[in-house]
Amino acid sequence: MTVDLLLGLQWGDEGKGKIVDVLTSKYDIIARFQGGPNAGHTLEFDGIKHVLRTIPSGIFHKNSINIIGNGVVIDPVVFQKEIEGLAKFDIDLQSRLLISRKAHLILPTHRLLDAASEASKGKAKIGSTLKGIGPTYMDKTGRNGLRVGDIELADFADRYRSLADKHEAMIAFYDVDLEYDLQEMEEEFFASIEVLKTLQFIDSEAYLHDAMKAGKSILAEGAQGSLLDVDFGTYPFVTSSTTTAAGACTGLGIAPNKVKEVFGIFKAYATRVGSGPFPTELFDEVGQTMAKVGNEFGSVTGRARRCGWLDLVALKYAIEINGVTALYMMKGDVLSGFDTLKICTSYQYNGIETNHLPYNIEPENVAPVYVEKKGWKADLTGMTSYEELPFELKEYIEFIENFVEVPIKVISVGPDRKQTILK
Ligand code: GDP
Ligand code: IMO
Ligand code: MG
């Protein structure tokens, strides 16, 4: 029996989908533990690029079981599109994709509430993906939500109506212009519920416990990143779930003492999409080059991702909160060509040097302190072994390892499954 966790250590989009896909052949079960269709996990192999939203990134491996855990929020409408996108791959979803009855449902009115809330905030908006994530988790903790298991109840339509009516009154409370045709959205919603019903609903915590007893191995897949965690992220510019290791316990029903390895995924630089503080953000040509070479556009919204230097203060913070045992460094190839690279090793916080992530990292309080490293020119994308990597990149990697005191086990040098180097 093995339970390992894989999660993002920055502001999301670190490359979790790629690595889950790479690791899946070692596991029997891949289980998503939180988030919803705000996630976009990209996989590339055999010349195909695929973006998954709610479905775990192990789905393309014939022998893996993929579970959507209780901590996930599901929008049946987005889910239906995801299922349709997989049709050409000949995957037996009925036996290989299992959904927790305790996962909460995103209603059309949750999406509208998200839009109304963001519009009402004006300049202070979170920069949400507007997928209804916040309002759905609010209904979950407020004990009003609808769950996948409710679909099997005779009065599901009544339960839906009563919650949607409540939401409509709440939308009216926001003083914003919002045009929508709820009837049309509801028709689409109920049609997609029928598609959802073609899949197996399970009591996923019981399923996972039995699997563990039977000696199966499980990889828990996180969404978003630690700096978007509702407790430990850059609040209020965060998502509404626990994106850190603890979220795998609550989002799957797996006890902490069952977890073995915690794999932390990070980019060799940093990106963020949406609003919120980002101490090492670059506003110059260097940042623009990273965005261009790294193709830094959101997989869900297509929005340009903000880019900046690697922030080791924030990375170390995320490593500590998650208990990371091994690091995976992504997108090293994007840094090829720069003469000098900077790495943030501390902050000037209100004039005092600090090594930890303080309460408020707004730009007026925080200035990053950098060390400089020599860059490399070689194209990494065709390299297949650690020995081949340029000397300067090896120095960059060793500097990070020494600073955070966790080994970097894998270096990713391109989006394809095969562009993955073991150290
Ligand atoms: P996730 O949300 O963490 O799964 O990450 P995303 O899929 O949203 O964003 C990562 C993007 O980087 C995707 O377009 C990947 O195909 C791409 N990618 C992943 N690893 C690498 C890498 O090592 N180099 C390059 N150039 N692209 C990568
Ligand atoms: P993956 O799993 C990057 C960001 C949004 C916004 C904030 C809140 O692909 O790494 P929400 O829709 O949750 O209310 O948005 O969080 N965000 C992400 N950024 N990758 C993601 O997921 C994200 N999911 C949410 O841009 O700033
Ligand atoms: Mg993503």
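Biologist: By class, how many nonpolar, polar and charged residues has the shell around ligand 2?
Modeller: The shell has 7 nonpolar, 10 polar and 3 charged residues. Ala, Val, Leu, Ile, Met, Phe, Trp, Tyr, Cys and Pro count as nonpolar, Asp, Glu, Lys and Arg as charged, and the others, Gly among them, as polar. This is a predicted model: local features need pLDDT of at least 70, side-chain atom pairs need 80 or more, and totals for chains, interfaces and linings use all residues. Residues are numbered from 1 along each chain as its sequence is written, chains are lettered from A and ligands numbered from 1 in written order, and side-chain values use heavy atoms, without hydrogens and water.
Biologist: Which residues are closest to ligand 2?
Modeller: Asp13, Lys16, His41, Thr129 and Thr239.
Biologist: How much of ligand 2 does the protein bury?
Modeller: 97% of the 550 Å² that the ligand exposes alone, by the Shrake-Rupley method with a 1.4 Å probe.
Biologist: New topic. Is Thr234 buried or exposed?
Modeller: Buried, because its relative accessibility is 7%. Buried means under 20%, exposed over 50%, partly exposed in between, using a 1.4 Å probe and protein chains only.

Methods
A residue is near a molecule or strand if one of its heavy atoms lies within 4 Å of it.
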